[in-house]
Amino acid sequence: MGVIRLTKDQQQVVDYRGGHIQVIACAGSGKTESISRRVAALISEGEKPESIVAFTFTERAAGELKERIYERVGEAKGPEFLGRLAPMFVGTIHSYCFRLLQTYIPKYGDYDVLDEHRHIGLLSREYKELSLQELGRRHWKPIRDFAWSVDVIGNELIDPAQLAGTPLGICYDAYVPMLTRFKFLTYNQIIAQAVEALADPVAYARIHDPLRHLVVDEYQDINPAQERLIELLSARPVHLCVVGDDDQSIYQWRGSDVANILTFAQRKREAECVRLETNRRSRPDIVKAANTFAKSIPGRLEKAMKPTRPAGTCHVVPWMAETPEEEAGQLAKTICELHRLGYRYQDMAILFRSVRTSAPVLIQAFEAHGVLYVCSGRTGLFLAQNRPCAVSPR
């Protein structure tokens, strides 16, 4: 990768010691390089690999961060040292909690994790035993509603006793023993059960005592259950480093709470705060447009991206449409015009939030205008509007 010159603020992230630190990292500001060099510096200073835990939002981000850490440690300590980094954890919160449960809580040793599709399939198979018909007459709608509800219960650490006597509570009372019987955990249960396990003083001591540094990336997307886990793990003498940007919080529908990052400085008054505002990724007009839009977000942390790349020929064209159909039609016409000017279809991309909710109207418009496309993303196997011929899962 070569040597990357750090900004003054990035170097502060690498060098700060003695307490918690909050890093407000604007888009394209080099947070991965900053985190990786911080971890490498800690290792070089003599911290044991097992004393460092770094949480990322996705496995892909974990792979990138881990690779960067290994490269920086190799530069500082030599390639022969890399074999000693195995005890260091770099990965998602879910994978950490699952390993925690299987390592320290004996009953979870042979449990398996249900992904979204297997979870829906299991609920369908156990439909009558769970009394899901009490939540609605259609087969799939009560299943989807119940799956969403149990996610909320786990993400918010809601006490099931609060649901006693309700149709949802009756279903949930049958649901938990069913998962235990089949030795399954859902993603939200993994974290909830890990938090519960940390309430045991013996287990807590075994897990917390070796820990000295906890790094949390994409902190703006942490939900209440994850925040409780972080709070437990970062108790003294652990130093917490949270990295994120409230302007990039987009996962509220999954239970994330942007208030975690907004109130961090008030909750951790002794914490250092560093802002990474130098954008190395985008052209100045894109940075300017992003800054202008960000100012319209109420209650945000004060910050402004600063461009470093020279101006180019890229353009930001803001426009509005009254309906999703009108929007999709305009996008299809624009793509056709760009294709006529010599751009390949593969030179163009559209980003949207959800394959299930956003893709169908776009697909219809593309097919009507003869646009060649590949639509990828996570899709529901049990959704009536899923179109396997048009939508290919990642």
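Reader: What is the mean pLDDT of the protein?
Author: This is a predicted model, where local features need pLDDT of at least 70 and side-chain atom pairs count only at pLDDT 80 or more, while totals for chains, interfaces and linings use all residues. Residues are numbered from 1 along each chain as its sequence is written, and side-chain values use heavy atoms, with hydrogens and water left out. Of the protein's residues, 95% reach 70 or more. The mean pLDDT is 93.

Reader: How many residues of helix H8 are buried?
Author: Helices (H or I, at least four residues) and strands (E, at least two) are DSSP runs, numbered from the N terminus. Buried means under 20% relative accessible area, exposed over 50%, partly exposed in between (1.4 Å probe, protein chains only). H8 covers residues 187–197 and is mostly covered. Of its 11 residues, the buried ones number nine.

Reader: Is asparagine 188 buried or exposed?
Author: Asparagine 188 sits in helix H8. Beyond four places in sequence, it touches Val150, Asp151, Gly154 and Asn155. Its relative accessible area is 7%, so asparagine 188 is buried.

Reader: At what angle do the axes of helix H4 and H8 cross?
Author: Axes are lines fitted to C-alpha atoms, for helices over the stretch in contact, and angles run from 0 to 180 degrees between N-to-C directions. H4 spans residues 93–104. Its axis comes within 9 Å of that of H8, and the two cross at roughly 55 degrees.

Reader: How many charged residues are in the contact of H4 with H8?
Author: H4 brings Ile93, His94, Cys97, Phe98, Leu100 and Leu101, and H8 meets them with Tyr187, Ile190, Ile191, Gln193, Ala194 and Ala197. Ala, Val, Leu, Ile, Met, Phe, Trp, Tyr, Cys and Pro count as nonpolar, Asp, Glu, Lys and Arg as charged, and the others, Gly among them, as polar. The contact of H4 with H8 therefore divides into 10 nonpolar and two polar residues. Charged residues: no charged ones.

Reader: Which residues of H10 meet H8?
Author: H8 and H10 pack at about 35 degrees, axes 9 Å apart, in a left-handed crossing. H8 contributes Ile191, Ala194 and Val195. The contact holds six nonpolar residues, one polar and one charged. On the H10 side it is made by Ala225, Gln226, Arg228, Leu229 and Leu232.

Reader: How does H4 lie relative to H10, and what is the term for it?
Author: The two axes come within 12 Å and cross at roughly 60 degrees. Angles under 35 degrees count as roughly parallel, over 145 as roughly antiparallel, 65 to 115 as roughly perpendicular and the rest as oblique. H4 is therefore, relative to H10, oblique.

Reader: Which residues of H10 make the contact with H4?
Author: H4 passes H10 in a left-handed crossing. From H4 come Ile93, His94, Tyr96 and Cys97. From H10 come Gln226, Leu229 and Leu233.

Reader: What is omega for the cis peptide bond of proline 237?
Author: Proline 237 is in the loop between helix H10 (224–233) and strand S7 (239–244). The cis bond joins it to arginine 236. Omega is about 10 degrees.

Reader: What is the phi of lysine 183?
Author: Lysine 183 is in the loop between helix H7 (167–182) and strand S5 (184–186). At 35% relative accessibility, it is partly exposed. Its phi is positive, in a residue other than glycine, and near 60 degrees.

Reader: What is the phi of glutamate 218?
Author: Glutamate 218 lies in the loop between strand S6 (213–216) and H10. It counts as partly exposed, at 22% relative accessibility. Though not a glycine, it has a positive phi of about 50 degrees.

Conventions. pLDDT is the predictor's confidence in each residue, from 0 to 100. Contact means heavy atoms within 4.5 Å. A crossing is left-handed if the near helix is turned anticlockwise from the far one by less than a right angle, and right-handed if clockwise.
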